[in-house]
Amino acid sequence: MRRYIGYREFVQRDQRSLVGTALLLTGSHEQAIRLTLRSFHTVALSWPPPLWENPTTHAQIALYRRFLQRPSAAGPTALVRIAPRQRLLVVACLHDGRSQAEMASLLGLSEETVKSEIAEAVDTLTKGSESRLITRMANAAGEASVPDLTVRSMRTLRRRRARGALLAVAAALVPVGLIAAFVVVQQGEVWNSALGERGRPHAAQAQEPVRAVSSPEPDGSDGGGGETGALPAPWQAPRTSSVIRYASPGPCPDAPVGTPPARAGDVTCAGWTLTMASGGPESPAPGLAGCEGPEPCEATLRVPDAVQRLAHGDEEKGPRLAPAISPDGRRVAYLSAAERRYVAHDLGSGVKRYLSPVLAASDTENGTRVSVSPNGRHFTVTLGERRLRTDFTTGALTSVPAGQTPPAQRIATWLQERYGTWADSPGGRHSAAVVAGKGEEPHSLHVIDAASRRVFKRHPLPETRRPATAEVVSWLNNREVVVRMSAKAGGGLLGFYRVDAVTGRSHRVPGLPANAPLVLGAVTAP
């Protein structure tokens with residue numbers, strides 16, 4: 001156990017402060033101790049810490065992440081009355097001393113959102129008195145009953161050491177497993193735990209993959225037509241510190257006369273454009289033409305192989321396929337017409353990940369899409385009834401059980417019948433749609449609890465000087481919805497608005513074009 005020299009002292013030093021923080025978050029001593037032990041274990045996995053890492057900060061952040069994964073609330077404390085994320089922001093910034101910028105980066109939010117959520121929580125809990133709330137939290141944390149956790153923490157390490165010995169033995173048996181796997185493959189069977197496929201002969205998997213029939217070139221012309229068409233090359237993402245504000249689709253020209261009908265699953269149109277925003281001298285934008293100066297500016301990047309349309313074997317056009325952009329605007333994922341599979345790019349590091357195998361026509365016949373988690377780390381690809389989740393940081397791909405389908409996706413048919421157009425929240429717990437007012441009444445935003453199908457919030461949309469129509473564009477995060485408002489006569493754009501799904505407060509979003517559809521990224525960027 002030489003590796004863990006100093007770990008016991010670290011636990012003894014920090015256990016009281018961490019249990020106090022966990023108690024404020026959960027309201028329960030039992031849950032607080034459990035949460036603290038898990039954060040200690042996370043720190044132990046990389047012990048001893050490198051010289052530049054503060055183990056106390058590491059433990060706090062591990063505690064925050066674990067709480068957000070499984071938020072809980074118990075006991076009579078006032079903090080449990082507010083939402084888990086608000087609770088975390090208040091405790092982290094006002095009790096633990098973390099900066100708003102640091103928490104914004106950690107949670108994938110804008111600093112404006114963090115500031116507004118803290119202000120709202122302070123107003124709810126102490127009618128705007130921040131100092132009184134800080135005092136209350138300090139008193140509540142100081143009353144925490146903290147047993148000595150060093151024995152339990154060290155016991156966990158010993159168990160981990162025993163598991164490591166077992167894994168070493170298992171690693172020695174890997175060559176035997178490889179030989180056995182080779183024999184099985186020779187018999188025509190495949191096992192892929194990530195994709196959930198077992199016992200399929202090679203012939204069954206050798207379905208003809210998705211093809212690109214015709215897609216527009218960068219100048220808007222046809223890609224060549226014919227049976228196979230001219231495939232765009234795989235997109236090479238430039239490394240840049242700029243962020244994606246939004247993505248818009250390119251034109252989809254009609255297929256040339258004489259082109260054979262497309263088969264179900266074939267790509268019939270590809271090409272999206274990313275509008276990038278730089279942050280000025282502190283956020284240079286290498287690789288983006290026109291954004292080399294010190295002033296904030298916008299530039300565009302064309303992604304010619306990002307699929308827009310897939311054929312369905314009939315004359316009806318299927319829904320448009322859209323890329324997924326992380327809320328911070330630094331990652332983008334889409335179905336590649338060139339590689340015939342879903343891919344994701346990180347613009348800051350240049351890392352590229354594959355999110356799916358090469359698609360067959362059967363993978364797309366019941367619809368396909370890609371989505372991204374609020375923190376931008378996990379991408380989920382839907383292939384009919386199958387869902388694949390990729391951790392971008394590690395590259396690990398897992399199959400999502402059917403029982404874990406987000407509630408918002410389960411009620412898609414009901415939402416289509418009732419609202420026609422709607423958008424699901426990043427967490428999949430809520431949906432939002434616009435309902436037209438009767439007579440002179442303004443349009444309203446309905447926020448629906450997907451599990452119960454109940455409309456639990458109705459907010460009037462901002463008033464405009466001209467009669468207007470409105471539609472939901474997307475959720476900006478798990479709390480704010482972006483709505484596009486257009487003139488009833490002529491359809492001219494009247495503006496985009498960020499609407500708080502809880503309070504109904506709205507703010508104008510500048511700099512977005514009128515063309516539809518748009519996929520939003522970091523819309524709060526300069």
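# Questions on a predicted model

Q: At its relative accessibility, does S153 count as buried or exposed?
A: In this predicted model, S153 has a relative accessibility of 3%. With a 1.4 Å probe and protein chains only, buried means under 20% relative accessible area, exposed over 50%, and partly exposed in between. S153 therefore counts as buried.

Q: Which residues does S153 touch, leaving aside those up to four places away in sequence?
A: Residues are numbered from 1 along each chain as its sequence is written, and side-chain values use heavy atoms, with hydrogens and water left out. In this predicted model, local features need pLDDT of at least 70 and side-chain atom pairs count only at pLDDT 80 or more, while totals for chains, interfaces and linings use all residues. S153 lies in helix 8 (residues 150–172). With contact meaning heavy atoms within 4.5 Å, S153 touches Y7, V11, L37 and F40.

Q: How many helices and strands does the protein have?
A: Helices (H or I, at least four residues) and strands (E, at least two) are DSSP runs, numbered from the N terminus. Of the 526 residues, 45% count as buried. The protein has 13 helices and 22 strands.

Q: How are helix 6 and helix 7 oriented to each other?
A: The axes of helix 6 (residues 111–126) and helix 7 (residues 130–142) come within 9 Å and cross at roughly 75°. Axes are lines fitted to C-alpha atoms, for helices over the stretch in contact, and angles run from 0 to 180 degrees between N-to-C directions. Angles under 35 degrees count as roughly parallel, over 145 as roughly antiparallel, 65 to 115 as roughly perpendicular and the rest as oblique. Helix 6 and helix 7 are therefore roughly perpendicular.

Q: Which residues of helix 7 meet helix 6?
A: Helix 6 takes part in this contact through V122, L125 and T126. Their partners in helix 7 are E130, R132, L133 and R136.

Q: What is the strand order of the open sheet of four strands?
A: The pairing in this sheet is antiparallel, where two strands pair if DSSP finds at least two bridges between them. The edge strands, each pairing on one side only, are strand 18 (468–475) and strand 21 (506–509). Direction ignored, neighbouring strands are turned by 30° against each other on average. The order of the open sheet is 18-19-20-21.

Q: Which residue in strand 19 is the bridge partner of A470?
A: Strand 18 and strand 19 (residues 480–487) pair in the antiparallel sense over seven bridges. In strand 19, the bridge partner of A470 is M485.

Q: How far apart in sequence are the parts that the pair of R479 and D500 ties together?
A: R479 forms a salt bridge (a side-chain nitrogen of Lys or Arg within 4 Å of a carboxyl oxygen of Asp or Glu) with D500, and their closest N and O atoms are 2.9 Å apart. R479 lies in the loop between strand 18 and strand 19, and D500 in strand 20 (residues 493–500), so the pair ties together parts whose separation in sequence is 21 residues.

Q: How many salt bridges does the structure hold?
A: A network of salt bridges links E112, E480 and R498. Another salt bridge joins D363 and R386, with the closest N and O atoms 3.3 Å apart. The number of salt bridges in the structure is 13.
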